Amino acid sequence: KVRYLAAGFGLLLLAVNLVFGVEKFGAKNWISIGPMSFQPSELVKICFVLAGASTMDRIVTRRNLALFIAYSGIICGCLVLMNDFGTALIFFAAFLVIAYLRSGNFATIALVCAATGFGGIMALRFLKPHVLSRFASWRHVWEVPLEGGYQQTRAMMCIASGGLLGLGGGNGWLKYVAASDTDLVFATVSEEWGLLIALLAVVSIVTLALFAARACRVGRSAFYTIAACAAASMLIFQTTLNVLGAVDILPLTGVTFPFVSMGGSSMLSCWGLLAYLQA
C-alpha cells in the first residue's frame, strides 16, 4: 500500500543528495548538517526493497515491470552521477534478484546484464573518464604501493601480521591508514582480532543469506520472500565488495562491511534490511 510513498521517498533522498551532497573520498554521496553527516543512499536501500518487492508481488504486467526497471535505472543513474559506483552495483544486484524471482527467465536477466554492462562502460569512457583512474591500480597495487595501491598493500600486510589470532584490540597499525574502520575494516579486524574472527564475521552474513533461501519455501507471501532474498543479496554483495576490495581481488569501491564498519547510516540500513529477513 505504501510502495509509491517508499519509491518517492527514495528518489527524494537521492535528489537532495545530488543538489546538496558533499564530496568525500571521490564520491558525492554525503549530506552534512552541522557536525552530523550521513549517506542518503543507505536509507534508499530499504525503500528500494520495499518498492521492488511490493511491485513485483502483484501480477507481472508489462507496466509493473517497466515501472520497476525505470525506478531501478533512475536510482543507479543518480548513484553514477555521484561517483558512487559501489552502491550502484549493490542496487543492480538486488534488481537482478527481484527480477529473477518473479520472472524466472535467465535469458531476460542475461540481456539486462549485457545492456547494463555496455551502458556502464560507455558512461565510464565518455562521462566519467577520471573514475577510471581509481581502478588503474586494480590487480597491480604492489607496483604502486605509495600511490594508488597504498590502502590495499597496507591492508594485506596488516592481515598477514595479525595471523590467525590477531595482535589484540587497539594494537594494530592499520588504524593510522585512511578508511581503516570503513572500507578496510576487514583488514583491521584481521590484524587486531585475527583472521579467524574476520572470516567468522563474513560467515555470519552468509548465514543470513542461507536463512533467506531456506525460508523461501515457507514464506507467508511472495512479497516477504522477494523482500528477504533482495535484502540478503544486498548484504552479501556489499560484504563481497568490501572484503575482496581490501585484498585487491576486486576494485576498492568504498562500500561498508554490514554491521562491522563504522557509520550510523550504514548501521541503520543494515538493521532495516535485516527486518525483511525477520518478517
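Student: Does S190 count as buried or exposed, and at what relative accessibility?

Tutor: Buried means under 20% relative accessible area, exposed over 50%, and partly exposed in between, with a 1.4 Å probe and protein chains only. S190 has 0% relative accessibility and therefore counts as buried. Please note that this is a predicted model, in which local features need pLDDT of at least 70 and side-chain atom pairs count only at pLDDT 80 or more, while totals for chains, interfaces and linings use all residues. Residues are numbered from 1 along each chain as its sequence is written, and side-chain values use heavy atoms, with hydrogens and water left out.

Student: Where does S190 lie, and with which residues is S190 in contact beyond its neighbours within four places in sequence?

Tutor: Helices (H or I, at least four residues) and strands (E, at least two) are DSSP runs, numbered from the N terminus. S190 belongs to helix α7, residues 185–193. Contact means heavy atoms within 4.5 Å. Setting aside neighbours within four places in sequence, S190 touches I159, G162, G163, G166, L195 and A198.

Student: How many helices and strands does the protein chain have?

Tutor: The protein chain has 10 helices and three strands. Read from the N terminus, the elements run α-β-β-β-α-α-α-α-α-α-α-α-α. Of the 279 residues in the protein chain, 44% are buried.

Student: How are the three strands arranged?

Tutor: Two strands pair if DSSP finds at least two bridges between them. Here the strands form an open sheet in the order β1-β2-β3, with antiparallel pairing. Its edge strands, β1 (22–24) and β3 (36–38), each pair on one side only. From one strand to the next, the twist averages 45°. Strand β2 (residues 27–33) and β3 are joined by three bridges; I31 has F38 in β3 as its bridge partner.

Student: Which helix lies across β1 and β2?

Tutor: Axes are lines fitted to C-alpha atoms, for helices over the stretch in contact, and angles run from 0 to 180 degrees between N-to-C directions. Helix α1 (residues 3–20) lies across these two strands and runs at about 90° to β2.

Student: How do α2 and α4 pack, and at what angle do their axes cross?

Tutor: Two packed helices are described by the angle between their axes and the distance between the axes. The axes of α2 and helix α4 (residues 85–103) come within 10 Å and cross at roughly 15°. Angles under 35 degrees count as roughly parallel, over 145 as roughly antiparallel, 65 to 115 as roughly perpendicular and the rest as oblique. The helices α2 and α4 are therefore roughly parallel to each other. Residues of α2 including F48, A53 and M56 meet residues of α4 including I90, F91 and I98.

Student: How many salt bridges does a search of the whole structure find?

Tutor: Side chains of opposite charge can pair when their charged atoms come close. A salt bridge is a side-chain nitrogen of Lys or Arg within 4 Å of a carboxyl oxygen of Asp or Glu. The search finds one. E42 pairs with K45, their closest N and O atoms being 3.0 Å apart. Both residues lie in helix α2 (residues 40–57), three residues apart, about one turn of the helix. E42 and K45 are both buried.

Student: Which residue does N242 approach, 59 residues apart along the chain?

Tutor: The C-alpha atoms of N242 and D183 are separated by 6.2 Å. N242 sits in helix α9 (residues 222–246) and, at 1% relative accessibility, counts as buried.
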